[in-house]
Amino acid sequence: MSELENEIVKMRGIYKYFPGVQALENVDFTLKKGEVHALLGENGAGKSTLIKVLTGVERPDTGTIEVEGKEVVIRSTQNAEELGISTVYQEINLCLNLTVAENIMIGRAPQKFGSLDWKATNNKARQLLKELDVDIDVTQPLGSYSVAIQQMAAIARALDVSNTKILILDEPTSSLTTHETAQLFNVMRKLKEQGVAIIFITHFLDQVYEICDKITVLRNGALVGSYIPSELPRLELIAKMIGRILNELDDMSKHKLESSQNIKSDILLEAKGLGRSGFINPFDLELHAGEVVGLAGLLGSGRTEIAQLLFGVENPDIGSIKMDGKTIEDYSPLKSIDRGLALCPEDRKAEGIVGELTVRENIILALQANRGWFKYLNTKTQNEIADKYIKLLSIATPNAEQLVKNLSGGNQQKVILARWLATNPQLLILDEPTRGIDVGTKAEIQRLVLDLAEEGKSCIFISSELEEVLRTSHRIIVLKEKEKVTEFSGEVAERKIMQSMAGSEEL
Amino acid sequence: MTQNKVSLSLRKISDSKLVFPIIALALVLIFDLIFVRGFFNIEIRDGNIYGNLIDILRSGSTVILLALGMTLVIATGGVDLSVGAVMAISASVAALMMNPYVMAKELPENLQKLVSDPNFTYAPLWAVLLVTLFISALCGLWNGLLVAYAKIQPMVATLILMIAGRGIAQLITNGIRIQIFYEPYAFIGNGWAVLPFPLYIVVVVFVLLWIFTRKTSIGLFIESVGVNARSSFFSGIDEKKIKLLAYTICGLFAGMAGILASANIKTSDANNIGAALELDAILAVVIGGTLMVGGRFSLFASVIGALVMQATTTSMYAIGVPANAVLTIKGVVVILVLLLYSEQVRNFFRRITSPKKDVAT
């Protein structure tokens, strides 16, 4: 087969304009059969838009798309599926109230005598999941399983689309554990052997080097270039993605060392035997002013639960919290804000942003909630606050009146951060603040955490990336199966933490 | 570049909430201009202004009041089906307070005359209004409690009062239609002071509600809760209180509408006052561009929406369409307006107003 025949997708000179942004500008993209092709770039680089163009969600303003050598116009997602393009989106768009099998088979379920053949449907779904090494009861509602399983179901659904020639995985691993990611990679390798071309979007560079044959980098809607991973050292890749060289990681550890001298001896917050049955087992926690405490643990180990209990999203049924020496009586987010707490929730879309509101309104929301119904911030103050944080966190938005739903994921995260910074909190709880965010922004957020600590504020930092927790935290609490296992302070080896996370001595 | 700016501002206009309701209202009025002779005639008698346009505003005032309250409820992502029934309750309460003697089987002679005396009221007018509005607000509060605290789906929760409310209204007046003779009360519904009196009420109430929602954070919180209740809760907004407030205001406004309606027809007709008006109110809000799933709202757009509904009715009567057919034609108008909102049509508008990209590159 010649080189040319091998090319399954060829996009040339793609332009796409959205109100206020040139999302894609003269982008070329070529995908070959049996190739795992990483599509990399910062938030707002245009990855998602390029995928949307390829899957028929958006039409390009200009530019051509060839699939298997033939020029095509992709009008709709069905159209794309007919061409053999199937997608697993970043935000899982499945119905949590339907069963696993229904979610996987919906629209394609086998029929018998004109009605659905449930037995066959369930069997087929079970078999598809088994190929992914997932063995679960497919007749249970999807919502009763973890995000990871939901993600696997989404992939199973995409794979079942007959004649899949091109599979697009938009950040499939951001909520998967190491083991699940390995399973996914096995499946990807299998598909690759069958000649399926895979476009893989991720923020985990390790994974890129592990599985990808080709890397294409986008920046600000324009193509930077396509590379072979073995010829592109990691630092150079990062430099290409963000357009500058990073020494920041080194700076950060120095920064952290400096800030650790700043930790005050008096206790800001003290939780004693705090717990809620079926949610999180009782735990103790002490927080000092100027301190960053990291929560490490696997998905579902109770990290988010601790954050929610401290912030009053859920009420504890045992134990107590003391803040500034005073015992807390009533738990609710509103009261917590009043006490100087802030929580950037894990699920940005469902618990963080208010999509139809503007950037300005989203930023002032918590501050205004704390001020109450009648002490309304006037327009001028609102604009000042919004502009201040747009600048401080370099939020990429044409203006403060843009709807938040139109921003990229990383910028939405920054808006939520701005919302909490605007309330001037004493304790900022960040639950997975860097999930699905590009390298540059990640570093910015980590630096911000240390800056806050230096100002004498405390921070609880939750992340599934251990490296990140290590880099920012003065003290690390390890959780396992809804229980606090142990606590490390000072310099600790990553290995030691991983051991306690896994609860085993080997490893 | 300038062309780009022009098309951008055109796009802004075509994205604004007010455009489609105003286009719809204009279309109805243009229809009248062409097909109804003298529709726009205005007469001045005794210093008061009369005419079809004034009639639209006057008859529309009840639906406008309902639509204003309904806007807040729909913006939180709910709906209130009980406003028609609450109108009936408020009418019954008001009528009973003004003239409880009507209900007596046998009245002493000295009191009999009072029953039809246009200057007699048992309770003073201010007390009548206050108690009536208070009870209507309680009805709204009840809906709000069911929706926000008992977590019953809004449609089901308010359906309860929609059905039970008319029964309650009849219980209040013992099933009797109380005629209202007290003139000052009737003036609220059918009086004129240059313009129809209800208009002044609508304007004042509109301004007050606008200030209450837009000059405080309440409007923002209502929208925030409507878009994403969970995020709002995480941000410290008490979504339950916000919902409770929206339903209470909706009940209060339904009570006002009930007062206007009963004052206009001078009776408390528990069966017919506000019948099916909840649907007009909901449609008015939808025409005003507030999504049924909640979120952004515009009080002014809802008022225009209510006027579209009323203008359609008034014009149909003006050209002599029978009452039954009016409902059908109203349906057609609503469909046309909602078509304007559909993504397809919006995209069509966008395509017209967007810059020609191919030429530029």
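In the predicted model, the mean pLDDT of the elements of chain B is lowest for helix H17(B), at 42, and highest for helix H6 (residues 125-149) of chain B, at 97. Within residues 357-361 of chain B the pLDDT falls below 50, and this stretch makes seven contacts in the model beyond near neighbours in sequence. Chain B as a whole averages a pLDDT of 88, with 93% of the residues scoring at least 70. For the complex, the predictor reports an ipTM of 0.85 and a pTM of 0.77.

The contact between the chains involves 28 residues from chain A and 23 residues from chain B. On the side of chain B that touches chain A, at least two residues each come from helix H10 (218-227), helix H11 (229-234) and helix H17 (357-360) of chain B. By residue class, this side of chain B consists of 10 polar, seven charged and six nonpolar residues.

Chain A contains an open sheet of six strands with mixed pairing, in the order S18-S19-S20-S15-S21-S22. Strand S18 (341-344) and strand S22 (483-489) of chain A form its edges, each pairing on one side only. From one strand to the next, the twist averages 15°. Within this sheet, strand S19 (residues 427-431) and strand S20 (residues 458-462) of chain A are parallel and share five bridges; A:Ile429 is placed opposite A:Ile460 in S20(A). Helix H17 (residues 439-454) of chain A packs on the sheet, where it touches S15, S19 and S20 of chain A, and its direction is at about 155° to that of S20(A). Helix H11 (residues 303-311) of chain A lies across strand S15 (292-296), S18, S19, S20 and strand S21 (475-480) of chain A, and runs at about 150° to S19(A).

A further open sheet in chain A has four strands in the order S14-S13-S16-S17, with antiparallel pairing. Strand S13 (residues 267-276) of chain A runs antiparallel to S14(A) and is joined to it by six bridges, with A:Leu274 opposite A:Phe283 in S14(A). Helix H11(A) also packs on this sheet, touching S13, S14 and strand S16 (318-323) of chain A, and its direction makes about 70° with that of S14(A). Helix H11(A) therefore has contacts with strands of the six-stranded sheet and with strands of the four-stranded sheet, where two residues count as in contact if their C-beta atoms lie within 7 Å.

Key:
Residues are numbered from 1 along each chain as its sequence is written. Chains are lettered from A and ligands numbered from 1 in the order in which they are written. This is a predicted model: local features need pLDDT of at least 70, side-chain atom pairs count only at pLDDT 80 or more; totals for chains, interfaces and linings use all residues. Ala, Val, Leu, Ile, Met, Phe, Trp, Tyr, Cys and Pro count as nonpolar, Asp, Glu, Lys and Arg as charged, and the others, Gly among them, as polar. Two strands pair if DSSP finds at least two bridges between them. Axes are lines fitted to C-alpha atoms, for helices over the stretch in contact, and angles run from 0 to 180 degrees between N-to-C directions. pLDDT is the predictor's confidence in each residue, from 0 to 100.
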